[in-house]
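Visitor: I have a protein model to look at and some questions to ask. Could you guide me through it?

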Amino acid sequence: MRYLLTLLIFGCLTANLFAQSENHSESAERFKSNFNDEDYDQIFEVFSAQMKSALPVENTRKFLNDLRNQFGDIQDMEFIKFEQSISAVYKTTFEKEVLLVNIALNDQNEISGLLVRPYEEEAELAERENGLTGYPEKFASSIFSKVNQFPENTELAIAVISEGVSSYYGTFVGEEAVRPIENHHKIFEIGSITKVFTAAVLATLVNEGQLDLEGEVNTWFPFDFHKNSRITNLQLANHTSGLPRMPGNFEGMDPENPFKYYGEEKLEEYLKQQLEISKPGDYEYSNLGVGLLGYSMAMSQGKPYKQLVDELVFVKYDMGNTYMRVEDIRRELVQGMNPKGEVVSNWDFDVLSGAGGALSTLEDLVKFAKANFNEDDKVLALLRESTHSINNTMDMGLGWHILKSQNGNNAYWHNGGTGGYSSSMVIDPVKKTAVIILSNVSGLSSKKENIDKLCFELFSLN
């Protein structure tokens, strides 16, 4: 069965964890009651518009019915913690097995995400020794505290850039100790950090006068979108299009390699028959949106997205070991792992590759980070311009999330996650500082948030 329903397929906003809210408690109780009563339509009714679009009612009924047939009624839902500030995690005791259930709520207390996964990943691992003695103490202790509970064979490739000078802190989790490793040259999937590259393609074409930020992507399609919906390049690049996180006809893809068989025909089917726009102008993180942006730009230029991003980004910034296909890589690939530490398949992307299909090395991402320190680079400067205010502490640029500072010295951040990898990257172009982390920690792991936490902790120590 597919445990993943529709939540956090790639990067998402991070925040401090806090106690279970009354709204989440009530939502969990309603979910349990309706699930046991087989009232799946009532569960669907409290989905957000994006959830309803991503998982239509028939798909919702099938998923929940399959879940109940396999594991039985829910006997208890015990709140464990929050992830990503909006998603409550419950240790959920079914008649036949204990699973973890995430329920995310939006500002209207509608269910905006639902994730069901094995509980075994929460098992405590043996304490390990800190073997990072060769690293600066302030970094070594921070790294060890975040990674010593990851599965054996976990690798983190960490770069810290301080005043333009790069240092690497590769980390390997062994059976008995966490120790240094040289892996800055190795390949990792980087998930949603790809979105920044897709935005760089857009900024390049805008600077060259070939596209307009306010131009509609509909221009490049030989058919009308469902309900005559109109969508601009800017809306896709800053997640304000009103599109759901994933297309409604994505359900049923191979859970081990979910994007491989979602091609042009499936996307066009969705755009013509199912597309639903909800609250355009509001921020709603969308893999579909940025994937559509990459595909539409490729159509506008008459060449595949892979070729477009290679020519306009990877070649330009000397990123010779950044790829859009696993079969193209020429360096050692770090094997991705699931939350239990078992090796999993890489994810192969088709039409939505602009949302998360890139593989890269720490060395290449350091080059990209340093390119952002160049005040004369108009393309990357355009990426960092605020295009939408999310809240008092965060804006959206093109691709980047902008972390606002009271002194006006903003930082720019994105993270990523796939079935076998997690990543996080934050830069400060004014101070010429940055932290980049690549890992083979599963993006579906409940401990994935440690990658973002470590990234920001090292950034504050820098």
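Visitor: Is Lys432 buried, exposed or partly exposed?
Guide: This is a predicted model. The relative accessibility of Lys432 is 38%. Buried means under 20% and exposed means over 50%. The value falls in between, so Lys432 counts as partly exposed.

Visitor: Where is Lys432 placed, between which strands?
Guide: Phi of Lys432 is near 55 degrees, a positive value in a residue other than glycine. As for its place, Lys432 sits in the loop between strand E17 (422–428) and strand E18 (433–439).

Visitor: Glu163 is not a glycine, so what is its phi, which is positive?
Guide: Glu163 is found in the loop between strand E7 (155–162) and strand E8 (165–168). Its phi is positive, at about 50 degrees.

Visitor: Is Glu163 buried or exposed?
Guide: The relative accessible area of Glu163 is 66%. The cut-off for exposed is over 50%. Glu163 is therefore exposed.

Visitor: Now the helices. How are H1 and H4 oriented to each other?
Guide: Helix H1 (residues 22–36) and helix H4 (residues 57–71) pack with their axes 11 Å apart. The angle is about 75 degrees. Angles of 65 to 115 degrees count as roughly perpendicular. H1 and H4 are therefore roughly perpendicular.

Visitor: How do the residues of the contact of H1 with H4 divide by class?
Guide: In H1, the residues are Phe31, Phe35 and Asn36. They meet Leu64, Leu67 and Arg68 in H4. By class, the contact of H1 with H4 divides into four nonpolar, one polar and one charged.

Visitor: How are H8 and H9 oriented, and how does H8 pass H9?
Guide: Helix H8 (residues 264–273) and helix H9 (residues 287–301) pack at about 115 degrees, with their axes 12 Å apart. That angle makes H8 roughly perpendicular to H9. H8 passes H9 in a left-handed crossing.

Visitor: Which residues make that contact, and how many are nonpolar, polar and charged?
Guide: From H8 come Glu264, Leu267, Glu268, Tyr270 and Leu271. From H9 come Leu288, Leu292 and Tyr295. By class, the contact of H8 with H9 has six nonpolar, no polar and two charged residues.

Visitor: What about Phe197 and Phe314: which helices do they lie in?
Guide: Phe197 and Phe314 form an edge-to-face pair, 5.5 Å centre to centre and 85 degrees between the planes. The parts they tie together are 117 residues apart in sequence. Phe197 lies in helix H6 (residues 194–207), and Phe314 in helix H10 (residues 305–314).

Visitor: Are Phe197 and Phe314 buried or exposed?
Guide: Phe197 has a relative accessible area of 1%. Phe314 has a relative accessibility of 3%. Buried means under 20%. Phe197 is buried, and Phe314 counts as buried.

Definitions and conventions. Residues numbered from 1 in each chain as written. Predicted model: local features only at pLDDT ≥ 70, side-chain atom pairs only at ≥ 80, totals over all residues. Heavy atoms only, no water. Axes fitted to C-alpha atoms, helices over the stretch in contact; angles between N-to-C directions. Helix = DSSP H or I, 4+ residues; strand = E, 2+ residues; numbered from the N terminus. Parallel < 35°, antiparallel > 145°, perpendicular 65-115°, else oblique. Left-handed = near helix turned anticlockwise from the far one by under 90°. Contact = heavy atoms within 4.5 Å. Nonpolar A, V, L, I, M, F, W, Y, C, P; charged D, E, K, R; others polar. Buried < 20%, exposed > 50% of the residue type's maximum accessible area, 1.4 Å probe, protein only. Phe/Tyr/Trp six-rings, centres within 6.5 Å; stacked < 30°, edge-to-face > 60°.
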